[in-house]
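I opened the model to look up a few spans and residues. The entries below follow the order in which I went through them.

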Amino acid sequence: MSIKKINVISRNPDQYLRETKRDIHKVQRNYDPDLHPFEAAREYKLALNAVKLEKVFAKPFIGSLTHTEEVSAISRHPSRLSCIFTGTVDGEVLLWDIATQKRQWQVQGHNGKVWCIVGAPDGNSFFTVGNDKTIKRWSLEDSDLPIDTWLCDTMVTGLTHHRYRQEFVTCGQRMLLWDVGTKAPKTSYDWTTTGDRSDATTTCVKFSPVQADVFASGDHSNNLVLYDTRAREVKKLKMSMRINSLAWNPMEAFILTAASEDYNVYSFDIRNFDNKSRVVCVHEGHTSAVTDIDYAPTGREFCTASFDKSIRIFRTTEAHSRDVYHGKRMFRVNCVLWSTDNKYILSGSSDHNVRIWKAQASEKMGILAPREKAAKNYNEELKNKFGHFPELRRIGHHRHLPKHIYNAKKEHRAIKDAQARKEANRRIHSRPGAVPFIPFKHRSVVGLQDEIPSTSGFSPDQSGGGDEDDEEEDDM
Amino acid sequence: MGKFNKMGRGGGSSNNNNNSHWNQQQQHKFKPKWMKPESNVKREEKDGVTVTEYTLSRRQLKRYAGRKVVDPKLLQKYSKGEGVVQKRYGRKNSILRHKMKKKEEKIHQAEEEAARTETLLTESSGVLEAEEGTYTAHITQKDIRNAVDITTAAKGFDLQLPFGPYKMRFTPNGRHLVLGGRKGHLASFDWVTKKLHTEINVMESIHDVCWLHTEQMMAAAQKEWVYIYDNQGTEIHCLKKLDRVLKLEFLPYHFLLCTSSESGFLSWLDITLGKEVIQFPTRKGRIEIMCQNPYNAVLCCGHAKGTVTMWTPNKKEAVMTVLCHPRPVKAIDVDPSGRYMATTGLDRMVKIWDARNMGEQLQSYLLPHGAMNVKFSQKNLLAVSLGNVVEVFKDVISGGASKSYMTHKADGIVTDMQFCPYEDILGIATYKGYSSLIIPGAGEPNFDALESNPYMSLSGRREAEVKAVLTKVPSNLITLDPFTIGQVDVPTLQEKVDAKAKLIHVKKPEIDFTPRYRMKGKSGSAQKFKRKQKVKEGQQREYLKAAMEQRDTLLSDTTDNNTKQEDKPSEVLDRFKPKKKVQKKTEF
């Protein structure tokens with residue numbers, strides 16, 4: 001025998017097999033790259049599967065809350081995550097529990113349309129604004145009578161509450177700053193640049209949640225106006241079309257996003273309001289006027305409601321929508337709300353319904369097991385890694401659209417092309433430089449209005465309805 | 001500190017200096033304080049058992065801070081590439097640069113963690129050493145069977161079978177074996193437990209056998225067509241598309257059954273769909289020698305002209321052709337990592353090639369005869385069959401294989417052989433049957449249960465089958481470099497040049513223009529045609545003009561160098577000057 005040393009692979013099966021049937025299977029790993037060939041190609045295939053599965057599970061619609069009339073306003077409950085307030089065009093105000101999809105409370109709040117519902121930041125009450133020129137403050141206890149009522153002499157169409165102070169601003173024919181404790185407005189913000197008062201009716205107003213004293217408004221004369229309650233500094237930007245709704249990015253205080261009548265949504269950087277780089281992004285996609293907008297609490301995404309019977313979800317940095325939700329029976333969408341837990345989107349439409357959607361269309365509802373969570377994260381990462389491959393992109397971007405949106409899109413594309421062609425032709429046949437090239441971002445912005453408006457201050461002792469009116473008329 | 005003293009840089013307090021000086025001188029006599037065992041060891045007796053507690057001094061803590069550093073060689077093994085050069089993104093895009101940096105850090109972390117798992121591997125590789133003065137090649141199978149434990153000894157066995165010559169194949173997990181005899185004998189069994197799955201005679205000649213993705217299905221290349229049998233020996237399919245097949249290969253990650261035929265056709269068949277991916281003639285004659293490269297799923301074929309060609313299903317021409325031997329090639333094999341290829345020819349040579357950089361021959365060995373079979377093991381042992389003798393070589397790649405590692409004389413001419421994956425076993429099929437030889441150090445001792453598990457349960461197999469089908473790699477991803485899919489698509493120089501050339505040789509565009517209807521006789525067909533021509537010509541002229549301009553700028557870039565030499569104005573008498581010799585450009 002000339003063997004000095006011998007060792008042969010001889011495995012003891014007991015070390016590789018589970019002991020009893022109740023045990024889990026033993027899994028030996030060896031991460032040697034030679035034992036794992038085609039790493040890149042297999043990962044690609046997994047990414048492809050992930051994208052396909054995402055499409056398979058993309059069923060965003062959860063349920064609907066049926067109303068007796070067209071839904072005109074929707075708002076978060078100031079203290080409860082699972083509750084929302086809705087208002088209808090015949091003046092009803094309703095409290096809904098989303099989890100059970102049941103109505104909890106209902107009151108005939110106003111005579112005519114409920115324009116706006118806003119929860120008070122103290123968490124005990126909420127405000128409603130109606131077409132009957134009244135602002136009402138309601139307690140969260142189920143009482144059918146409001147705590148406070150403010151009567152206005154002009155139409156009020158919107159309200160926004162200061163984040164910390166007991167103050168709110170209403171818009172409409174006039175911009176008024178109110179103190180919750182007093183019955184008359186503290187200040188009014190008016191301007192002289194528009195001649196006709198009715199033309200200057202404000203459509204929307206929003207306090208910034210971060211820079212709490214700053215607020216913005218959009219009006220019928222296509223202005224986007226920035227205010228500051230401390231300095232009364234006003235910056236007014238003229239747009240080519242009216243702004244229907246405004247939303248502040250809750251995470252980036254300087255980003256203000258405006259839903260416009262011209263089918264687009266504009267993100268502004270208010271730090272650069274004076275110069276050309278004020279428009280950060282133009283979010284395209286809707287085929288009709290955008291009526292409402294709401295940010296996700298993460299500040300990464302926002303959703304928009306539109307007259308084209310659909311809602312869209314945009315990423316803040318991307319020009320085109322991440323997703324579009326529509327329903328066979330969903331009609332024009334008036335208002336939209338992103339839930340505070342970042343999971344759901346609610347849309348109120350003129351077909352008497354509030355619809356509940358998932359914010360991520362393919363997300364699995366309920367608690368995820370750790371392995372499910374790991375698989376989900378892995379799939380997300382794979383989609384990030386391979387998402388730009390043509391096959392994956394095609395599958396991931398594919399959306400089934402209703403015919404009217406599909407056709408409208410085609411039509412808008414044709415119109416845009418025709419305009420571009422015309423402009424190019426004009427440029428060719430003109431003196432060089434006569435037809436300047438204007439980037440798409442700047443096209444719908446007319447420019448900054450330099451005039452700082454005169455603001456008529458109200459001192460508390462000076463309050464009196466008639467006097468104010470006279471003053472206002474003089475100003476205008 | 002001592003150094004500072006010598007160099008006269010002792011700027012600290014004198015006390016401190018003295019101290020260090022003392023340390024330096026006295027070190028050989030006394031152990032330093034921190035090495036004394038009493039200072040950091042605390043012993044207590046609890047219930048009759050002494051409990052020892054060690055406390056580390058600050059210096060020790062510093063010395064052993066953090067995790068153990070991974071051996072750089074090991075890191076190299078698990079490396080996923082050197083990463084993106086950061087400079088390319090420039091200083092401008094700092095966000096992107098930061099992202100890339102973060103990503104790269106994560107990749108490095110993954111590499112390191114993978115390398116650390118090496119310590120968790122339980123099994124060790126096989127070893128065989130001979131006494132001094134003797135060689136391992138003199139150790140016979142009988143000696144080995146006597147020396148090893150009883151379960152291992154049972155793994156070496158011989159089967160006398162009458163229907164030879166035989167072909168054989170192990171499953172990827174090394175648990176099952178299929179044998180196919182030329183005279184129609186087809187048998188599959190679990191060779192470890194010696195449990196027979198099926199044994200039939202197909203009553204036709206069998207040219208090659210092959211497992212499909214599990215041990216539930218096998219393919220046999222018979223006289224006319226390829227048949228697929230299940231574990232019970234039931235014929236599941238008869239693939240009449242694959243006729244007169246000589247060699248079978250199965251690509252497990254692509255689920256492709258690859259065949260080479262008598263008439264020189266190669267075909268790829270997707271077994272999940274039963275559809276043929278592609279079939280085309282190689283125009284190289286009968287293909288009897290074929291193997292797959294497990295690294296990139298490319299098929300390698302050997303030809304009588306001494307060439308080795310490589311084929312993918314995405315191109316009807318060979319993606320690579322290498323002249324390996326001056327005489328006909330007799331056998332090819334690629335090692336499991338896909339780095340090396342071994343070829344043998346009738347010129348009695350065994351050549352080892354770099355499979356990723358073909359054309360570079362690493363080693364060549366001269367054999368007494370032309371080898372008919374060659375096979376790599378997982379640990380890069382090389383088995384060669386010469387008639388009825390099997391020789392196994394070690395260190396063939398580094399060139400240290402002057403003597404064979406083991407030899408074995410079979411009782412018939414060896415027709416096929418394969419190293420069993422994850423075992424130290426070499427299976428050889430001969431004219432007279434099958435025998436399995438114990439070759440210590442051949443197999444990978446530690447398997448990855450998620451890739452291939454010899455101890456797979458029934459439910460585990462089902463699960464693995466489903467997962468494998470879900471990650472079936474599309475056949476169009478088969479390329480020479482399997483990482484093409486994960487790389488940045490940088491256009492090659494040739495592609496850039498072609499794109500430029502396309503710019504130069506422009507074709508005028510077709511213009512589709514329908515003239516608008518105009519009133520007052522201006523829309524007669526002749527008028528319309530005229531208007532149409534006018535617009536068409538105008539646009540085409542403009543396009544060509546722009547193209548010409550572009551061409552001129554392009555050409556001016558390239559011709560600049562040539563024109564510079566002849567800047568001087570020529571004079572009348574220049575013609576009598578001696579002609580300049582045109583310097584020949586030497587290109588490397």
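How much helix and how much strand does the chain have over residues 322-357 of chain B, and how far apart are the end C-alpha atoms? I found 0% helix and 56% strand there, with the end C-alpha atoms 11 Å apart. For secondary structure I took DSSP runs, with helices being H or I of at least four residues and strands being E of at least two, numbered from the N terminus. UniProt positions are given in the numbering used here, feature names are shortened, and annotations may be inferred rather than shown by experiment.

**Ground rules**

I noted that this is a predicted model, in which local features need pLDDT of at least 70 and side-chain atom pairs count only at pLDDT 80 or more, while totals for chains, interfaces and linings use all residues. Residues are numbered from 1 along each chain as its sequence is written, chains are lettered from A and ligands numbered from 1 in the order in which they are written, and side-chain values use heavy atoms, with hydrogens and water left out.

**Chain A as a whole**

I counted 6 helices and 31 strands in chain A. Its C-alpha atoms fill a box of roughly 120 × 70 × 45 Å along the principal axes. Of the 476 residues in chain A, 49% are buried; buried means under 20% relative accessible area, exposed over 50%, and partly exposed in between (1.4 Å probe, protein chains only). Among contacts in chain A with a separation of 6 or more, 48% are between residues 24 or more positions apart; a contact is heavy atoms within 4.5 Å.

Chain A exposes about 23300 Å², and carbon and sulfur atoms supply 50% of that area. Accessible areas come from the Shrake-Rupley method with a 1.4 Å probe, and for residues only the protein chains shown count as cover.

**Annotated domains**

I checked two further UniProt features, both from unreviewed entries. The record puts "domain: Sof1-like protein" at residues 359-444 of chain A. That span is 64% helix and 0% strand, and its end C-alpha atoms lie 30 Å apart. The record puts "domain: BING4 C-terminal" at residues 404-482 of chain B. Here I found 16% helix and 28% strand, with the end C-alpha atoms 34 Å apart.

**A:His162**

Is A:His162 buried or exposed? I put it down as buried, because its relative accessibility is 3%. A:His162 sits in the loop between strand E11 (156-161) and strand E12 (167-172) of chain A. Its side chain reaches the backbone nitrogen of A:Tyr164 at 3.0 Å. Leaving aside neighbours within four places in sequence, A:His162 is in contact with residues including A:Pro121, A:Phe168, A:Phe207 and A:Asp213.

**A:Asp351**

I placed A:Asp351 in the loop between strand E28 (344-349) and strand E29 (353-358) of chain A. A:Asp351 counts as buried because its relative accessible area is 19%. Its side chain makes a polar contact with the side chain of A:Arg355 at 2.8 Å. A polar contact is a pair of N or O atoms within 3.5 Å; within protein, one must be able to donate a hydrogen and the other to accept it, and residues adjacent in sequence count only if both atoms are side-chain atoms. With neighbours within four places in sequence left out, A:Asp351 is in contact with A:Arg329, A:Met330 and A:Phe331.

**Backbone checks**

A:Tyr263 lies in the loop between strand E20 (255-260) and strand E21 (265-269) of chain A, and A:Lys309 in the loop between strand E24 (301-306) and strand E25 (310-315). I listed A:Tyr263 as partly exposed, at 31% relative accessible area, and A:Lys309 as partly exposed at 25%.

In chain B, the peptide bond from B:Gly164 to B:Pro165 is cis, with omega near -5 degrees. B:Pro165 is in the loop between strand E4 (158-160) and strand E5 (166-170) of chain B.
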